[in-house]
Amino acid sequence: MEQIVTFPSGQVKYLYDHAFSDIWNLYPDRDLVLLTDSNVFELHSALFANRKTIVLNAGEESKSLTVVASVISQLLAMEATRSTILIGVGGGVITDITGFVASIYMRGITFGFVPTTILGMTDAAIGGKNGVNIDEVFKNIAGTIQQPAFILYDTSLLQTLPLKEWSNGFAEVIKYACLFDAPLFEELQQHDLNYYMTDSKALSSLIIRCAGWKNKVVAADEHEKGDRKLLNFGHTAAHAIENLYHIHHGEAVAIGMVIAATLSEQVTGLDPKTTGTLKEMLTRYGLPTEMAIDAPEAMKLLKMDKKRKQNTIDYILLKAPGTAVIMPLPFDLIEKVITQCSQ
């Protein structure tokens with residue numbers, strides 16, 4: 001299945017249910033350079049044989065300006081020109097770096113993605129946000145919004161994905177259900193990870209469904225002036241938790257969604273039963289719902305969030321599954337609920 005989605009900054013070709021080898025047919029007369037990490041390179045070494053490839057150390061630590069400079073130096077050594085196409089093969093870290101490097105190398109070259117994780121396929125590779133961290137604390141503080149030319153989906157690459165990374169990605173799937181898709185919220189309650197891991201049709205349908213939601217939001221608000229902020233559901237607290245405790249992104253988002261749902265009970269009148277259902281769902285998909293959090297330390301990071309407005313921050317809250325709102329919340333209320341959820 002192929003789909004072209006138009007954004008204000010350009011079009012993206014979505015190549016669902018394709019094989020990795022199809023990328024060589026997309027641009028038969030162009031110079032292609034692959035960018036991946038050490039884990040993907042080791043697990044799928046045959047895919048990179050006799051191909052121009054840059055391999056980075058796996059992990060969030062590679063999302064730095066130092067690594068960006070190294071990638072640019074390697075592109076220069078490969079004599080990459082403005083007609084070269086840079087293709088990121090990996091998870092969110094790799095797609096972030098690929099998009100950022102391609103956006104600034106020779107003032108911009110074409111790039112595409114082959115995501116290899118559930119998180120990448122449903123969220124991280126989509127939307128045009130590309131960036132790196134500064135000082136390992138300020139996440140994605142240096143970046144661009146530039147759309148890839150294509151995103152190719154080869155779900156066979158998920159066969160080597162560790163179970164924890166399946167759970168990590170399903171935090172984003174559950175996010176979409178909470179925000180936009182009450183029927184999906186119900187569907188996820190009826191299944192578990194094993195169902196999607198073993199049913200390729202169900203998995204493909206789920207990926208396309210989630211990608212569709214993100215595309216719809218981003219196409220209407222590419223630069224996050226309005227409704228794109230909804231996609232930060234669970235992420236506001238999660239970024240602080242992730243930085244403080246170095247847990248997986250999906251784990252932090254799961255806890256962040258519980259915090260957001262608890263805030264919603266107090267602010268929008270969300271039924272506490274919905275929060276309970278959300279917790280049960282997160283547990284079903286192998287995700288945490290609570291942890292001990294140093295609330296004052298978390299607030300120090302929250303107050304540096306890009307969404308801050310003086311003494312408030314735009315927070316994403318639920319009214320019900322499938323219905324979300326953006327509301328400015330005072331920091332003292334957020335700290336109170338973080339403390340409540342960490343006990």
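How many nonpolar, polar and charged residues does the lining of the second largest pocket have, by class? The lining has 5 nonpolar, 5 polar and 1 charged residues. Here Ala, Val, Leu, Ile, Met, Phe, Trp, Tyr, Cys and Pro count as nonpolar, Asp, Glu, Lys and Arg as charged, and the others, Gly among them, as polar.

Before going further, please note that this is a predicted model, in which local features need pLDDT of at least 70 and side-chain atom pairs count only at pLDDT 80 or more, while totals for chains, interfaces and linings use all residues. Residues are numbered from 1 along each chain as its sequence is written, and side-chain values use heavy atoms, with hydrogens and water left out.

**The pocket**

The second largest pocket has a volume of about 150 Å³. A pocket is an open set of points, on a 1 Å grid over the protein atoms alone, where a 1.4 Å probe fits, with protein on both sides within 12 Å along at least five of seven lines; its lining residues have an atom within 4 Å of a point. The volume is the space filled by probe spheres set on the points.

Among the lining residues are Thr155, Gln159, Trp166, Tyr196 and Asp199. Helix H8 (193-198) and helix H9 (200-220) each supply at least two lining residues, and H8 gives the most, with 3 residues. Helices are DSSP runs (H or I, at least four residues) and strands likewise (E, at least two), numbered from the N terminus. Domain 1 (2-158) and domain 2 (163-342) both contribute to the lining, so the pocket lies between them. The domain bounds come from an automatic or database domain assignment.

**The salt bridges**

A search of the whole structure finds 11 salt bridges, each a side-chain nitrogen of Lys or Arg within 4 Å of a carboxyl oxygen of Asp or Glu. Three of them are shown here.

| Pair | Closest N to O |
|---|---|
| Asp123 and Lys214 | 3.4 Å |

Asp123 forms its salt bridge with Lys214. Asp123 lies in helix H5 (residues 118-124) and Lys214 in helix H9, so this pair ties together parts that are 91 residues apart in sequence. Asp123, at 9% relative accessibility, counts as buried, and so does Lys214 at 8%; buried means under 20% relative accessible area, exposed over 50%, and partly exposed in between (1.4 Å probe, protein chains only).

Lys300 and Glu297 are 3 residues apart in helix H13 (residues 295-302), separated by about one helical turn. Lys300 counts as exposed at 51% relative accessibility, whereas Glu297, at 30%, counts as partly exposed.
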